[in-house]
Each structure stands twice: as C-alpha cells, then as structure tokens.
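Welcome! Keep your viewer open and follow along, one selection at a time.

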Amino acid sequence: MKTRFIIGYFFFFLLTGTTVSAFGKEVEEKAEGKVKFNASTYILEHIADSHEWHIFTKKNGESVAIYLPVILFRKETGIDLFSSKQLSHGKIFKGYKLEEEGELKGKIVSVNAEGAVDEENLPLDLSMTKTVMGMLSAAIIGLLLFLSLARSYKKTGISHPKGIQSFLEPIILFVRDDIAIPNLGHHKYEKYMPYLLTAFFFILINNLMGLIPFPPPFGANVTGNIAITFTLACCTFLITQFSGNKSYWRHIFATPGVPIWLLPVMIPVEIIGMFSKPFALMIRLFANITAGHIIVLSLICLIFIFDSLALAPVSVFFVIFMDCLELLVAFLQAYIFTLLSALFISLAVQEHH
Amino acid sequence: MILLSNSLTTPAIGTLVWSALIFGLFFLILTKFAWKPILNAVKARDEMIKGSLESAAKAREEMLKLQSDNEAILKKAREEREGILKEARDVRDKLISEAKGKASEEADRLVEKARAGIESEKRKALSEIREQVATLSIEIASKLLGEKLKQTGEQEKLIDNYLKDIDFNKN
C-alpha cells in the first residue's frame with residue numbers, strides 16, 4: 001500500500017510538474033489568441049518517436065531537449081552521423097531536413113540545392129531516436145539488474161534468497177512455474193526459458209519506464225512503438241517456426257482428418273494462422289501500451305481543453321487512477337506476451353494433436 | 001483515421017534495426033551470464049530442498065519403523081518375562097508343595113518314630129520299675145521277713161498274706 005502511494009505521489013508531481021511546463025508555450029500563446037490548443041497533436045507528439053528528447057519548454061518558448069544522434073544512409077553520400085541539434089528549428093544540414101509538416105512529419109528528408117524536398121531520394125534513417133534510447137536504457141538497467149542478480153546467486157549458492165534475489169526470484173519462478181512449465185511441459189521448458197524470461201523482463205522494464213513521465217531515460221513510449229513489438233513478435237514467430245516438429249508442419253500442410261479436396265483451402269488458412277498469431281502479439285502489446293499513454297495524456301489535456309485550473313484536481317485524480325491501472329497493465333501485458341509466446345511455441349513442439 | 005495515417009502504425013526501419021540489435025544483445029548477454037547461472041542455482045536449490053524433504057520423510061518412516069520394532073521387542077520381552085515369572089512361580093509352588101509333602105511325611109515319620117521310641121521307653125521303664133519294685137519288694141520282704149521271722153507265728157502268717165497278695169497271673 002505504502003509503495004503504491006509513493007508511486008502515486010511520484011506520478012502526481014512528475015505529471016503535474018512536467019505538463020505544466022510543457023504546456024507553458026501553448027497556454028501562453030492561447031492567451032494571446034494565436035494558437036488554439038490541439039489535444040490530438042499534442043498527444044501524438046508525445047507517443048510518437050522523435051529525434052530529440054524534449055524535456056521542457058521555457059517560458060520564453062525556448063525548449064530544453066536532449067539532441068540524439070542522427071545516423072543516415074544515402075546511396076550517393078554514404079553514412080552521415082551528426083547531432084539532431086543541426087536539424088532543429090527546420091535547419092538544413094548536409095542536404096537533410098527534419099520535415100515539420102505534412103505526410104512526412106517527423107521524418108528526415110533530403111533536400112536539393114533549391115531547398116525543396118527530394119521525395120525520390122529519401123535517406124535510410126538509422127538514428128538513435130527517443131524510442132531507441134529508451135529501449136537502450138531499459139536494456140542497460142535490465143543488464144545491471146540481472147547480472148548483479150546472477151552474481152549474488154554465485155555468492156549465496158544454494159542458500160535462501162537474499163536482498164534483490166527475494167524480489168526478483170519470485171518473478172523468475174512465476175515465469176518458470178506458471179508460464180513455461182504448464183505450456184511447454186517439464187521436458188522441453190528449459191530450452192525456451194531464456195527467451196521467455198528475456199521477453200518478459202524486456203517488456204516489463206520498458207512498460208514501467210514508459211509509465212514514469214520524467215526525466216529522460218524514462219517516459220519513452222517503447223513498448224507502444226510498433227517497430228519494437230514487431231521485433232518481439234518476430235522473435236516469437238522465428239522461434240516457433242524453427243522449433244516446429246513434424247506434426248506441426250503436417251498440421252499445416254496436411255491437416256489430419258481433412259479431405260484432400262479441402263487442402264487448397266486449408267493450407268492458406270493454416271499459413272495465415274502461422275502469421276496471425278505473432279501479428280496479434282504485436283498489435284496487442286502496441287495497442288495496450290499506446291492506449292494507456294493516450295488515456296493519461298488525454299486526462300491531462302482536459303485541463304487545457306477547458307482552460308480551467310479548477311479541473312486540475314479531477315484530472316490529476318483520474319490520472320493517478322489510470323497510472324495505477326497502467327501499472328497493472330504493464331505487468332499484465334508482459335505476462336500475456338510471454339504466456340502466448342510459450343503457448344505458440346508449445347503448439348509447435350507438442351508431440352501429437 | 002489519424003492513427004492509421006500516422007507513422008505510429010508503420011514500423012520505422014531504423015527502430016526495427018536498433019530494436020533487433022538491442023533485444024538480440026540483451027537476450028544473448030542475459031542468457032549466457034544471467035539466466036543460465038540463475039536458473040541453475042534455483043534448480044540446484046529446488047533439488048536440494050526436494051532431496052532433503054525426501055530424506056526427512058524417509059528418516060521419519062525409519063524412525064516410525066524402529067519405534068514399532070522397539071515396541072514389538074518390548075512386548076515380546078514383556079511376554080517372555082511374564083512366561084519366565086509364571087514358570088518360576090509354578091516351580092516355586094511345586095517346590096513348596098513338594099517340600100510341604102516331604103516335610104509332613106518326615107514329621108509323621110518322626111512323630112511315629114518318637115511315638116515308637118516313647119512306647120519302647122515306656123515299656124522299658126515299666127519293666128525296670130517292675131524289676132525295681134520286685135527288688136524293693138524282695139528287700140522289704142526280706143527285711144520284714146527278717147523281723148517277722150524272729151516271731152515264729154508271725155512268719156507264717158506273713159508269708160501267707162504275701163502269697164495271697166501276689167497274683168501270679170499278673171505279669
């Protein structure tokens with residue numbers, strides 16, 4: 001209970017603190033009657049990827065941000081590596097420009113000598129974006145956590161768990177005893193434990209870090225980015241296909257009990273099934289986490305939509321409520337992804353149907 | 001529609017590459033340096049706990065068996081003791097009764113012997129007494145005779161008297 005309150009307070013101060021400063025510009029401009037506050041633009045900017053990590057906007061409209069490295073590849077010029085500060089405020093650098101409007105908004109495009117966008121010649125963007133940096137920080141935190149955990153196991157040997165072990169071991173045992181063993185069985189589960197544990201903790205750490213809105217290593221919408229969930233789902237897909245045994249492939253290409261004339265229909269259906277399972281994994285994680293972020297941000301936006309400080313307590317109350325719910329969702333989505341991965345792998349490795 | 005047209009739902013190639021790289025490295029490093037040692041340690045502990053529980057159960061079973069064995073032995077010993085005691089009691093009773101029989105026989109025999117001895121002694125004594133009485137009588141008689149014979153008439157009278165008294169049929 002106490003920790004939840006602490007987490008609640010944490011969210012309270014961070015959300016109220018950051019949002020007020022982040023909205024400083026918009027609110028001021030609105031008072032002058034220049035710009036009308038656009039909630040959907042604001043929310044999408046916050047959950048989308050970007051080449052800089054925006055921290056806050058000063059009263060004078062100057063934004064404080066971490067400029068992330070931009071890595072671009074173009075056939076004629078090869079690889080270009082520079083800070084995204086070079087592209088801030090619509091500047092053109094080395095023939096590149098960060099598009100601020102239109103269909104390519106937020107993307108880096110090539111510009112020709114006249115300053116027009118060269119749509120034929122888009123560079124391959126391999127930048128370390130906000131999402132990548134968030135993911136990298138989560139991976140580093142995860143590595144520090146679990147390597148020190150492994151070290152402490154070396155120290156304590158087989159005696160009872162101590163310190164960090166007593167917190168993380170139940171989660172590891174939960175993955176083993178409630179996800180891996182029930183689905184994969186006692187004989188096969190060990191082979192897949194490293195993947196299941198990695199996926200579980202990778203998703204969990206990223207979910208939790210995404211919930212903390214501030215400061216920079218936190219607050220990136222990593223597991224709510226479709227590319228990340230695509231990669232994770234791809235891993236499950238590849239593991240499933242490569243561990244598929246004879247009965248799994250027979251089930252796809254010669255489903256037992258199906259008459260031969262039906263096979264031309266069944267085989268495409270089964271092949272679609274192969275892909276739809278990881279596709280569902282990808283969409284589920286992406287949609288759940290993104291939706292959580294959108295709800296929290298929308299509730300904050302209410303204050304600015306109604307332009308009334310009186311609404312703030314209500315809004316903050318609901319945000320705290322939502323954050324508690326999101327805390328649950330963070331664990332739940334990590335659990336569901338791992339559980340379904342184990343289930344899909346088990347369908348491929350089970351002996352007979 | 002905003003979401004569909006937005007870059008949100010189209011995976012960016014750069015992010016894909018980085019996520020594959022970071023996740024792959026994260027997986028490889030953790031598998032080699034974290035999951036394997038952790039899972040092995042947990043497994044070793046589980047096995048040790050299982051082993052200790054099993055051996056504890058076995059020990060308890062053995063103890064129970066020993067206890068029941070002990071009880072059986074104790075019971076047997078008690079029964080044996082009872083048997084020995086009973087036998088001893090029987091032997092004692094028999095001995096006592098035998099001894100009693102012998103003793104009473106002996107006593108009877110002794111009494112009989114004593115009685116016989118007494119009888120023979122009595123007879124001996126009687127015959128002695130008789131002899132003595134006879135001797136005394138003769139002495140007295142001789143003395144009296146001596147006196148009486150001094151008076152002639154008297155002697156004959158006396159002899160007669162004596163003779164009258166003596167019953168020759170008596171032994």
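Predicted model: local features only at pLDDT ≥ 70, side-chain atom pairs only at ≥ 80, totals over all residues.

Begin in chain A with the open sheet, where three strands are arranged in the order 5-6-7 with antiparallel pairing. Now colour strand 5 (92–93) and strand 7 (108–110) of chain A: these are the edge strands, and each pairs on one side only. Strands of a sheet pair through backbone hydrogen bonds, either parallel or antiparallel.

Next, select strand 6 (residues 96–98) of chain A, which is joined to the antiparallel strand 7 of chain A by three bridges. Which residue is the bridge partner of Leu98(A) in strand 7 of chain A? Click on Ile108(A), and you have found that partner.

**Stop two: the domains**

Zoom out and colour chain A by its two ranges: domain 1 covers 69–125 and domain 2 covers 130–349. The centres of these two domains of chain A, taken over C-alpha atoms, are separated by 34 Å.

**Stop three: a bent helix**

Select helix 8 of chain A, residues 263–305, and look at Leu299(A), where the helix bends by about 25°. Just after helix 8 of chain A comes Asp307(A), with a positive phi of about 50°.

**Stop four: a proline in a loop**

Finally, pick Pro216(A), in the loop of chain A between helix 5 (164–211) and helix 6 (226–243). Is Pro216(A) buried, exposed or partly exposed? Pro216(A) counts as partly exposed because 15 other C-beta atoms lie within 10 Å.

Key
Residues numbered from 1 in each chain as written. Chains lettered and ligands numbered in written order. Helix = DSSP H or I, 4+ residues; strand = E, 2+ residues; numbered from the N terminus. Buried ≥ 20, exposed ≤ 12 C-beta atoms within 10 Å, placed from the backbone. Domains from an automatic or database assignment. Bend = angle between axes of the 7 residues up to and from the residue. Pairing = 2+ DSSP bridges.
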